[in-house]
Amino acid sequence: MERTFREQLFLLVLCLSVLKGDSRYVENNEIPQDDLYTVFNLDLKREMPDIPTELIYRRSLRCLDMIAVEGQFTFTAERPQLNCAAFFMAEPNEVISVEYDHVDVDCSGGDFITVFDGWVMKGEKFPSSLDHALPLFERYVDYCDSGSRKSLRSSQNVAMLFFRIHNAGSSFTVTIRKHINPFPCNVISQSPEGSYTMVIPQQQKNCSFSIIYPVEIEISEFSLGRYKNIAKRTLPGCADAGDFVELLGGNTIDSSKLVPITDLCMSFTGPTQMKIGCENIVVRMVSSGRFINRVTFSYRLLNSQELQILKLNSIDDFCSTK
């Protein structure tokens, strides 16, 4: 991936200019552009050596941080830090727990430490409110307002921590752990390539798999419990069917604001492929709860030549559509 595209991708997806939530707002962070690749290097996990289970990885927590490993992380304010956020990420089949080990902040003086069940960027959220089981206000849990609740667990493979510290010397320590999720629903992919099978076992809910890279995506299997294999692959007005899969694209993490590319509401086997130059591509399954629904797909990063062809075909305009 070219550096210029990486800059656009991470500046958009991680929104370093403005990090905002709905209950406690995190305002502008003045982060040098060169720090972008240090702070949000998703290769960190692959570079980490294996750590014996009886030991725990420890390091300082930065005001703006990305963490993809289990461990214990301590933030100590050297000066007032008013606009901080840490993004946590696990594997698709895992959820994340955030445990407070030590907290020394001034809640009455305006300090806060808030865990969000998902990610918030530029006021937009993953998973969207349409795809999450909890109402939005329950997804924010503030340490100071929750009776000093000691542990919280995410509903999907991403979570984040907002914090604001006014006094130098104030600190807190959290332990991040990962837990297997037997039926993962909403996922952000760590990698620009891979494969995944999404299954909803007779539950009324919506699940989204988000790929924050421009990719070619291939859907190899799609099965709805109410249909046998049918040659016809798409049906206009799939939203009326109650059970369907839709492919979305755009430049926001909130799936409710992405542009529909295609939808599927008839089962089939055999690959169907599409190249999409957007900075976020989502495979979203809507389930009525009456059937066992399943979709299998793979994806790979588009190379620079493929991206250039898509740009010539005005794909950028499509992806920018709100």
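Which side chain meets that of R294 in a salt bridge? In this predicted model, the partner of R294 is E221, with a distance of 3.8 Å from N to O. The pair links distant parts of the chain, since R294 lies in strand β21 (residues 292-301) and E221 in strand β16, 73 residues apart. R294 is partly exposed, with a relative accessible area of 34%, and E221 is likewise partly exposed, at 28%.

The count of salt bridges comes to 11. Among them is the one between D243 and R290, whose closest N and O atoms are 3.9 Å apart; D243 belongs to the loop between β16 and β17 (244-250), whereas R290 belongs to the loop between β20 (280-288) and β21, 47 residues away. D243 is buried, with a relative accessible area of 0%. Salt bridges with shared partners also join E216, K275, R300 and E306 into one network.

An open sheet is formed by 5 strands in the order β1-β3-β12-β5-β10, with mixed pairing. Strands β1 (58-60) and β10 (151-153) stand at the edges and have a single partner strand each, so one side of each is left without a neighbour in the sheet. Within this sheet, β5 (residues 94-104) and β12 (residues 171-180) pair in the antiparallel sense over 10 bridges, and V98 stands opposite I176 in β12.

The largest nonpolar core has 44 residues, and W119 and F297 are those with the most contacts inside it. Strand β16 (residues 215-223) provides the largest share of this core, 4 residues. A second, separate core of 28 residues includes A86, V98, L152 and I165.

How values were computed. Residues numbered from 1 in each chain as written. Predicted model: local features only at pLDDT ≥ 70, side-chain atom pairs only at ≥ 80, totals over all residues. Heavy atoms only, no water. Pairing = 2+ DSSP bridges. Helix = DSSP H or I, 4+ residues; strand = E, 2+ residues; numbered from the N terminus. Core = buried A, V, L, I, M, F, W, Y, C linked by side-chain atoms within 4.5 Å. Buried < 20%, exposed > 50% of the residue type's maximum accessible area, 1.4 Å probe, protein only. Salt bridge = Lys/Arg side-chain N within 4 Å of Asp/Glu carboxyl O.
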